[in-house]
Amino acid sequence: MSHIMDIHDETGADAARDEADLAKFGYKQELRRSLGVFSSFAVAFSYISPSTGIFTLFALGLTTVGGVFIWSWPIVAIGQFVIALGWAELSSHYPVAGSVFQWTKYLSGKTYSWFAGWIYMFAGILTVTSVCVTLPLALIPAFNNMGWNMANNHSNQRIIAIVTLALITILNIFGVRLVALINNTGVLFEILGMVVFAFVLALFHHHQSGAVIFHTGGTSLTTGTFLVAMFMSLYVIYGFDTASTLAEETRNPRTEAPKAVLASVIGAFIIGAVFLFACLLAIPNLHDAIKNGFGPANIIDANFSNAFATVFLLVVSAAIFVCCLSIETSTIRLCFGMSRDDTLPGSGVLRKVHPRLHTPIGSCIAIGILAFIPMLQFAGAGIVAIAATGMIYLSYLIGNLALLKARLNGWPRVKAPFSLGRWGLPLTLLGIAWGGGMLVNFA
Amino acid sequence: MLWTVLVFITIIGAIYFLLVQRRKPSHLQAPEGEALAATNPT
């Protein structure tokens, strides 16, 4: 099964080559190197998880500028793809755990990289929390459709979020192979589910014409309102550097990680665009949908039987679960990468890798506990999501500024399998303009 | 909310960095030509 899923330990000459490469960075091969390019793509794709963000924030976009909000999707995808190109090149040069922290460490220096890593780690922790508290928004209605009669209040949402957090932490402790197996399965279901629902909606339940993407539905379309509506797309398309931060567990990472970074953005863009367009086509009445804050669940509910709507909610729930799992996996690797350099409090415990499970158990538990803390003062998914997303964009900007400085100082000085060549500098400048602009938007 | 959280995390981090991390050496081992910070530290 795991071979079908592209998960098997690297052996022989390939293993020796990757171990020797890691040794050049002064690190031992302690994590389990068993992910192929699909697994690496899948973990980055599920961090992005188009169905999670679209499910949660479709209504925000729709109620703010009507069907026009769909245009934020390609705009954000292009902006983020520009950043992903830089990350792909960096991951080809630095195939070690810790993405932004490691890149800035080698490119810019100790103080800068420490703050980059510190902010990015807490951004990751808040993102784990924000997605865990999103799961009940899909799962409780699914349970209720099956006759459970569970109140959709903060108390029940918090209980489900805490159980989810505990489960993903345990799965992460038990190793990357198990995480990848669950994650790859979840990603296949997510892609299949979104495509199937999109085609069924578009082919058999299209109440709107294709021109719905130009209709505001009576809302006020200004630059300001469009930027607000853009938050859905901004919340979805990040986390693609996960493929890079799992480099020490990826076979031939200098070649495969860059491919996975870029493929995750492209894949999420295509799947998300198809699904968003289908959802807009299937809105029975645009004005009513805007007035009542319709999300994908309402649109599916309005077109299908209860059973079909329940299946949709379960697919989304599975997607959100693997999204939580991969975000925590990524954040654990950053915590491990920083503690291995003795840069975090309790580094001795955080960097210790279990000899049989090949996972940094201390980092797993620490990230689980830190992600639990915001749940104590739970005020809804939206507030945590805004803080988490803003901090991720800030971390990316910090990374890009270090990359710009390095490029001006002649980086890259050695060849790597993935290179942007002379496009590196303009693309980095473009990435900074994009990331800075979006950060202002968050503020 | 974003700025409150960010400022809080940064202040905690800054205190820890100044008290503990500032004097520790950085791990900069890398293949030749890859550790730019070793030649241009900030």
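## Confidence

Chain B comes out with an average pLDDT of 87, and 88% of its residues score at least 70. Bear in mind that this is a predicted model. For the complex, the predictor reports an ipTM of 0.93 and a pTM of 0.94.

## Overall shape of chain A

Chain A is built from 20 helices and has zero strands. Its C-alpha trace spans about 60 × 45 × 40 Å along the principal axes. How does the radius of gyration of chain A sit against a compact globule? For 443 residues the globule value would be near 22 Å, and chain A has 21 Å, so the two agree.

Of the 443 residues in chain A, 59% count as buried. If you take contacts in chain A between residues at least 6 apart in sequence, 85% of them join residues at least 24 apart.

## The nonpolar core

The largest nonpolar core runs to 160 residues. Those with the most contacts inside this core are Ala44(A), Ala84(A), Val261(A), Cys324(A) and Cys335(A). Helix 16 of chain A, covering residues 306-340, supplies the largest share of this core, with 19 residues.

Let's zoom in on one of these. Which residues does Ala44(A) touch once its neighbours within four places in sequence are set aside? Its partners are Gly239(A), Phe240(A), Thr242(A), Ala243(A), Ala260(A), Val261(A) and Ser264(A). Val261(A), one of those partners, is also on the list of residues with the most contacts inside the core.

## Helix 7, tucked away

Why call helix 7 of chain A (residues 135-145) largely enclosed by the rest of the structure? Because nine of its eleven residues are buried. The buried residues are Leu135(A), Pro136(A), Leu137(A), Ala138(A), Leu139(A), Ile140(A), Pro141(A), Ala142(A) and Phe143(A).

Following helix 7 of chain A comes Gly147(A), with a positive phi near 95°.

## Where the chains meet

The contact between the chains draws 33 residues from chain A and 25 residues from chain B. On the side of chain A that touches chain B, the elements giving two or more residues are helix 5 (99-107), helix 6 (110-132) and helix 19 (381-408) of chain A. Helix 6 of chain A gives the most to that side, with eight residues.

What does the side of chain A that touches chain B consist of, in terms of nonpolar, polar and charged residues? It divides into 19 nonpolar, eight polar and six charged.

Notes
Residues numbered from 1 in each chain as written. Chains lettered and ligands numbered in written order. Predicted model: local features only at pLDDT ≥ 70, side-chain atom pairs only at ≥ 80, totals over all residues. Core = buried A, V, L, I, M, F, W, Y, C linked by C-beta atoms within 7 Å. Buried ≥ 20, exposed ≤ 12 C-beta atoms within 10 Å, placed from the backbone. Helix = DSSP H or I, 4+ residues; strand = E, 2+ residues; numbered from the N terminus. Contact = placed C-beta atoms within 7 Å. Nonpolar A, V, L, I, M, F, W, Y, C, P; charged D, E, K, R; others polar. pLDDT = per-residue confidence, 0-100. Rg over C-alpha atoms; globule rule 2.2 N^0.38 Å.
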